[in-house]
Amino acid sequence: RSLEGLKTFGCLEELILDNNLLGNDLRLPRLPHLHTLTLNKNQITDLESLLDHLSDVVPSLEYLSLLGNIACPNELVSKDKDEDDYQRYRYFVLHKLTNLKFLDTRKVTKWEREEALLRGAFMKVVKPKDAKVGD
């Protein structure tokens, strides 16, 4: 569960951290050569915080996979998610990490990149606060 030892691997290019119970407190050291990162099936819920951190510490990132985290909407796992939710998620990720060539299992298309530039900042998924009855 600790990523402390990674700082000694400054030339690391690929890192697979699937199934490690990693959560929103995930902090990677600066890894300037890292181009592939998979964080599948962890416990990440705060997408924006993760993406801000990754943009700071892994500037060469081209492949990212977040499947199996709550932060990655999946219609196969959650009945209240659909393909539109997943596409909005892709636009938001691509808006934050502009160098990505692959996200999850799909190549980033030119059209997605253009949409992410235009609308990605507005695709952040925000959960409404619990409304009281009678509001």
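**Exercise 1. Find how strands E4 and E5 pair, and which residue of E5 is the bridge partner of Phe-102.**

Solution. Start with E4, which covers residues 102–103. E4 and E5 pair in the antiparallel sense, over two bridges. For pairing, DSSP has to find at least two bridges between the two strands. Now look at Phe-102: its bridge partner in E5 is Lys-107.

Before going on, a word on the model: it is predicted, so local features need pLDDT of at least 70 and side-chain atom pairs count only at pLDDT 80 or more, while totals for chains, interfaces and linings use all residues. Residues are numbered from 1 along each chain as its sequence is written, and side-chain values use heavy atoms, with hydrogens and water left out.

**Exercise 2. Work out the strand order of the sheet and name its edge strands.**

Solution. First, the order: the five strands run E1-E2-E3-E4-E5 in an open sheet. The pairing within this sheet is mixed. Next, look for strands that pair on one side only: these are E1 (14–16) and E5 (106–107), the edge strands. To place the sheet in the chain, count the elements: there are three helices and five strands. Read from the N terminus, they follow the pattern β-β-α-β-α-β-β-α.

**Exercise 3. Describe how helices H2 and H3 meet.**

Solution. Step one is to locate them: H2 is residues 83–96 and H3 is residues 110–119. Step two is the geometry: their axes come within 8 Å and cross at roughly 75 degrees. That makes H2 roughly perpendicular to H3. The axes are lines fitted to C-alpha atoms, for helices over the stretch in contact, with angles from 0 to 180 degrees between N-to-C directions. As for the angle classes, under 35 degrees is roughly parallel, over 145 roughly antiparallel, 65 to 115 roughly perpendicular, and the rest oblique.

Step three is the contact itself (heavy atoms within 4.5 Å). H2 brings Gln-87, Arg-90, Tyr-91, Leu-94 and His-95, and H3 brings Trp-111, Glu-112, Glu-115 and Ala-116.

**Exercise 4. Check the length of H2 and list what it buries.**

Solution. H2 has 14 residues and reaches 20 Å from its first C-alpha to its last. That is close to the 20 Å expected at 1.5 Å a residue, where the expected span is 1.5 Å times one less than the number of residues.

Now for burial: buried means under 20% relative accessible area, exposed over 50%, and partly exposed in between (1.4 Å probe, protein chains only). In H2 the buried residues are Asp-85, Tyr-86, Gln-87, Tyr-89, Arg-90, Tyr-91, Phe-92, Val-93 and Leu-94. They pack against H1 (47–57), E3 (63–65), E4, E5 and H3.

Zoom in on one of them: Phe-92 counts as buried at 4% relative accessibility.

**Exercise 5. Is Asn-69 buried or exposed, and which residues does it touch?**

Solution. Find Asn-69 in the loop between E3 and H2. Asn-69 has a relative accessible area of 4%, so it is buried. Leaving out residues up to four places away in sequence, it touches Leu-39, Asn-40, Lys-41, Asn-42, Gln-43 and Ile-44. Lys-41 from the previous exercise is one of these.

Key: Helices (H or I, at least four residues) and strands (E, at least two) are DSSP runs, numbered from the N terminus.
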